[in-house]
Amino acid sequence: MANQPTLSARPVQVTQAAPTGLLTLPVDGKRDSYLYVPRSYRPEQPSPLVLLLHGAGGHAHDGLAILRGMADATGLILAAPASQDSTWDVISQKAYGADVELTDRSLAHVFSNYTIDASRIAIGGFSDGASYALTLGLANGDLFTHVMAFSPGFVGHMTSRGEPKIFMSHGTEDEILPVNPCSRSIEKQLRRLEYDLTYVEFDDGHVIPPEVTQAAVDWFIGMP
């Protein structure tokens, strides 16, 4: 676990009904983690899933907020774990550990209780959460079909697996994680490795504009 952020949870067949709305994930972390399930959810209809990761100093609510306003209209199930420290393990501890394990438990809970569309499983995040989403997403591309990285800083050391599609965005006026050494550098790396990458820059700072969020969700669910 210390060297590779490998996740073992996988979707399974689910037939029973399950709770909807805003729920607390029973994953035994230092801080609460959350799940949002649209009230339209039905076990006979597989739903797309997005695992959302907050930025440094944030909380699971902040991760959830990235797409919470769009979940009901699109049928997205959203899972948002909270890092054990102020940010994610590979950033705060320089090694993979407790947060990888928490993420795996979060996914295991969702997969064992909800019918998930295996062709629409995404990981996404903002800032440090975007860096961690890219890292886990590329390392577990046999699970995650899509990665949404909003203003990432880097990709952590790992062995890539699979070929997830990637949506990445960054503000050209970002003073916290400047676009040049961050997303522009990551873009070159991902294109060199021939990932299917959609990259968007916008004239603003360290934020996610609503139109970028909309573009990412449309890209994920396959809207024209």
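1. Leaving out residues up to four places away in sequence, Ser-33 touches Leu-23, Thr-24, Leu-25, Val-27, Ala-60, Ala-80, Pro-81, Ala-82 and Leu-102. Contact here means heavy atoms within 4.5 Å. Ser-33 sits in strand β2, residues 33-37. Helices (H or I, at least four residues) and strands (E, at least two) are DSSP runs, numbered from the N terminus. Ser-33 is buried, at a relative accessible area of 1%. Buried stands for under 20% relative accessible area, exposed for over 50%, and partly exposed for what lies in between (1.4 Å probe, protein chains only). A polar atom of the Ser-33 side chain lies 2.9 Å from the backbone nitrogen of Ala-82. Ala-82 is also one of the residues that Ser-33 touches.

2. Basis of the note. This is a predicted model, in which local features need pLDDT of at least 70 and side-chain atom pairs count only at pLDDT 80 or more, while totals for chains, interfaces and linings use all residues. Residues are numbered from 1 along each chain as its sequence is written, and side-chain values use heavy atoms, with hydrogens and water left out.

3. The chain as a whole. Seven helices and eight strands make up its secondary structure. The radius of gyration is 16 Å, close to the 17 Å of the globule rule for 224 residues, so the chain is as compact as a globular protein of that length. That radius is taken over C-alpha atoms, and the rule is 2.2 Å times the number of residues to the power 0.38. The C-alpha trace spans about 50 × 40 × 30 Å along its principal axes.

4. Burial and contacts overall. Of the 224 residues, 55% are buried. Among contacts between residues at least 6 apart in sequence, 67% join residues at least 24 apart. The accessible surface is about 9600 Å², and carbon and sulfur atoms hold 49% of that surface. Areas come from the Shrake-Rupley method with a 1.4 Å probe; for residues, only the protein chains shown count as cover.

5. Helix α6, residues 180-192. Its 13 residues reach 17 Å from first C-alpha to last, close to the expected 18 Å at 1.5 Å a residue. The expected span is 1.5 Å times one less than the number of residues. Cys-182, Ser-183, Ile-186, Glu-187 and Leu-190 are buried in α6. Viewed down the axis, the buried residues of α6 fall within an arc of 110°, so they line one face of the helix. The arc is that of the directions from the helix axis to the C-beta atoms. An α-helix has 3.6 residues a turn, so residues three or four places apart point the same way.

6. Exposed Pro-181, Lys-188 and Arg-192 lie on the face turned away from the buried side.

7. Helix α7, residues 210-221. This helix has twelve residues and reaches 17 Å, first C-alpha to last, close to the 16 Å expected at 1.5 Å a residue. Val-212, Thr-213, Ala-216, Val-217, Trp-219 and Phe-220 are its buried residues. They cover an arc of only 160° around the axis, which puts them on the same side of α7. Their cover includes β3 (47-53), α2 (68-74), β5, β6 (146-150), β7 and β8. Pro-210 and Glu-211 are exposed, on the face turned away from the buried side. Gly-222 follows α7 and has a positive phi, near 85°.

8. Most residues other than glycine have a negative phi. Ser-127 has a positive phi of about 60° and is not a glycine. Ser-127 lies in the loop between β5 (116-126) and α5, and is buried at a relative accessible area of 8%. Glu-194, also not a glycine, has a positive phi near 65°. Glu-194 lies in the loop between α6 and β8. Glu-194 is exposed, with a relative accessible area of 72%.

9. Val-90 in helix α3. Val-90 belongs to α3, residues 89-92. Val-90 is buried, with a relative accessible area of 14%. Beyond its neighbours within four places in sequence, Val-90 is in contact with Ala-95, Tyr-96 and Tyr-132. The C-alpha atoms of Val-90 and Tyr-132 are 8.0 Å apart, and the two residues are 42 apart along the chain.

Definitions and conventions. A polar contact is a pair of N or O atoms within 3.5 Å; within protein, one must be able to donate a hydrogen and the other to accept it, and residues adjacent in sequence count only if both atoms are side-chain atoms.
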